[in-house]
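Subject: Structure handover

Hello,

Here is the structure we talked about. Please open it and keep it on screen while you read the notes below.

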Amino acid sequence: MKYGPTVGEVLQAKGVSRRGFLKYCATTASLLALPPSMIPRIAAAIENARRPSVIWLSFQECTGCTESLTRSASPTVEGLIFDAISLDYHHTLQAAAGEQAEAARHAAMEENDGGYLVLVDGSIPTANAGYSTIAGISNVDMLMDTVKGAAAVVAIGSCAAFGGLPGADPNPTGAVGVQDLVKDKPVVNVPGCPPIPMVMTAVLAQFLTFGTIPDLDKHGRPLAFFGNTIHDRCYRRPFYEQGKFAETFDDEGAKAGWCLYKLGCKGPTTYNACATVKWNQGTSFPIESGHPCLGCSEPRFWDKGGFYQPLSTGHFGSGAKLGGAAVAGVALGVAAAAAGRRRQAKFTKEA
Amino acid sequence: MTSLSDIEVQAEALHCNVQPILNEVLHALDRLIDTGEATTIDLAGLPFAPGELEALEASLGSGEVSAQLDALGTSSIRETVYPGVWWIEHRNVYDEVVGRYLEITRIPEILSSQIADICAGRARLGEQFE
């Protein structure tokens with residue numbers, strides 16, 4: 001197996017001082033949602049970690065996930081984590097094409113057999129192998145061939161995790177996620193449309209630092225980022241509990257920044273870290289900008305009814321989920337649900 | 001109406017996090033005084049409402065010591081009006097905040113000269129005499 005320099009050596013070669021390294025480790029602890037008391041352990045682990053080889057496969061996708069990662073003006077400290085991996089194949093970013101590119105993929109697989117990471121964005125069509133091919137190889141064949149010698153697979157974005165938009169009803173290509181095909185390797189799902197760049201970085205940082213994958217929830221998502229609902233961590237939640245809701249996008253409640261539950265916010269049933277990690281270098285997240293959460297990190301979010309219909313109108317199907325949505329502000333939630341149903345009835349009647 | 005800024009938006013202020021964090025700082029100061037144990041509070045994981053972080057910063061104020069570190073971007077290390085409570089902000093080379101912490105300690109570790117840097121500096125100085 002080919003091993004590159006240690007991360008400590010990479011940082012030293014870049015002229016990073018020990019103070020700079022401590023700053024790097026503090027930010028990595030934050031990324032991994034680890035307590036600051038872990039910083040010395042992280043420093044010791046990172047210093048001696050070897051650069052892992054990474055093969056990135058893109059299938060039925062819009063390149064939004066790659067854009068999210070590369071156009072996010074990655075902070076230098078996070079950027080260093082990417083310097084600390086060896087990205088050996090990524091057909092959007094690499095200069096090589098065709099046979100040369102495929103040769104690079106095979107070389108990385110052979111040299112790092114058993115130890116490389118495979119990152120996948122995009123869903124995989126199963127209805128007909130010809131729907132999506134790269135260098136004449138079907139997506140299914142390329143995936144199954146590449147993961148053979150992988151240590152783990154990371155599904156980046158809701159398409160790779162759950163089928164995403166290509167898998168939306170009626171799913172003409174028979175699109176599926178990585179976990180539907182790869183059964184004999186650890187699969188980490190980092191869903192989102194697109195996913196939060198920092199979450200992608202954190203999974204790499206964990207592998208780099210401890211050589212392990214993070215603890216996962218029932219959908220294979222890292223618990224550190226997907227352990228709470230958007231609603232649980234939303235700064236507008238006190239308004240939900242006070243029964244203060246925006247009824248339209250331009251009413252007084254909307255202007256006052258009240259809860260967006262009645263405008264279709266899927267925060268109560270959506271697990272993600274947008275409310276704390278935020279977007280655009282920590283500027284804000286959709287709810288802070290006045291728009292309800294669409295629930296893009298949940299399986300089959302495209303097929304769960306209108307984005308602007310309240311959860312309480314039943315498009316999420318199960319009574320259990322509705323119960324969960326309204327659990328905190330019981331009386332207020334019920335009132336909101338009733339109002340939501342009235343609103344939907346009105347829409348139906350008008351239609 | 002000619003621009004977005006003409007829309008009157010006055011978000012109702014929420015400062016739910018400020019008091020609990022100040023309480024946490026109080027308990028951390030007790031530990032520092034009683035046992036010498038330092039505490040770091042990572043502010044990145046908390047769901048701050050707009051303006052809430054500024055309210056927390058204002059309530060802690062600025063004390064006697066303030067330092068700037070230049071390593072992978074600048075960092076500001078500032079003692080608050082409460083001795084032993086330090087407000088630390090790490091920025092990258094684009095001047096974006098990448099980490100924000102409250103350290104309750106006598107002196108933040110990152111301000112101390114590090115042995116590895118001392119050795120490298122000693123070697124550089126030594127070269128002048130070769």
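Start with confidence. Over residues 73-78 of chain A the pLDDT is below 50. That stretch still has 18 contacts in the model beyond near neighbours in sequence. Residues 316-351 of chain A also stay under 50. For them the model has 40 contacts beyond four places in sequence. Where pLDDT is low, the predicted coordinates should not be read in detail.

Now the averages. Chain A averages a pLDDT of 83, and 84% of the residues score at least 70. Chain B averages 90, with 95% of the residues at 70 or above. For the complex, the predictor gives an ipTM of 0.79 and a pTM of 0.81.

**The sheet in chain A**

Look for five strands in an open sheet. Their order is β2-β1-β3-β7-β9 (chain A), and the pairing is parallel. Which strands sit at the edges? They are β2 (86-90) and β9 (187-190) of chain A, and each pairs on one side only. From one strand to the next, the twist averages 20°.

Zoom in on one pair. Strand β1 (residues 53-58) of chain A and strand β3 (residues 116-121) of chain A pair in the parallel sense over five bridges. S58(A) stands opposite D121(A) in β3(A).

Two helices lie across these strands. Helix α6 (residues 98-111) of chain A lies across β1, β2 and β3 of chain A. It runs at about 140° to β2(A). Helix α7 (residues 139-147) of chain A lies across β1, β3 and β7 (150-156) of chain A. Its angle to β1(A) is about 165°.

**A helix crossing**

Next, find helix α3 (residues 39-48) of chain A and helix α9 (residues 197-210) of chain A. Their axes come within 7 Å and cross at roughly 80°. So α3(A) is roughly perpendicular to α9(A). Which residues make the contact? From α3(A) they are I42(A), A45(A) and I46(A); from α9(A) they are L208(A), T209(A) and F210(A). Five of the residues in this contact are nonpolar, one is polar and none is charged.

**Two domains**

Chain A is divided into domain 1 (50-222) and domain 2 (237-350). In chain A, 15 residues of domain 1 are in contact with 13 residues of domain 2. On the domain 1 side, α8 (157-162) and α9 of chain A each supply at least two residues. That side divides into nine nonpolar, three polar and three charged residues.

**Chain A against chain B**

How many residues does each chain bring to the contact? Chain A gives 29 and chain B gives 35. On the chain A side, the elements that give two or more residues are α2 (18-31), α5 (76-83) and α13 (274-277) of chain A. α2(A) gives the most, with nine residues. The chain A side divides into 14 nonpolar, nine polar and six charged residues.

Best wishes

Key:
Residues numbered from 1 in each chain as written. Chains lettered and ligands numbered in written order. Predicted model: local features only at pLDDT ≥ 70, side-chain atom pairs only at ≥ 80, totals over all residues. Axes fitted to C-alpha atoms, helices over the stretch in contact; angles between N-to-C directions. Helix = DSSP H or I, 4+ residues; strand = E, 2+ residues; numbered from the N terminus. Parallel < 35°, antiparallel > 145°, perpendicular 65-115°, else oblique. Contact = placed C-beta atoms within 7 Å. Nonpolar A, V, L, I, M, F, W, Y, C, P; charged D, E, K, R; others polar. Domains from an automatic or database assignment. pLDDT = per-residue confidence, 0-100. Pairing = 2+ DSSP bridges.
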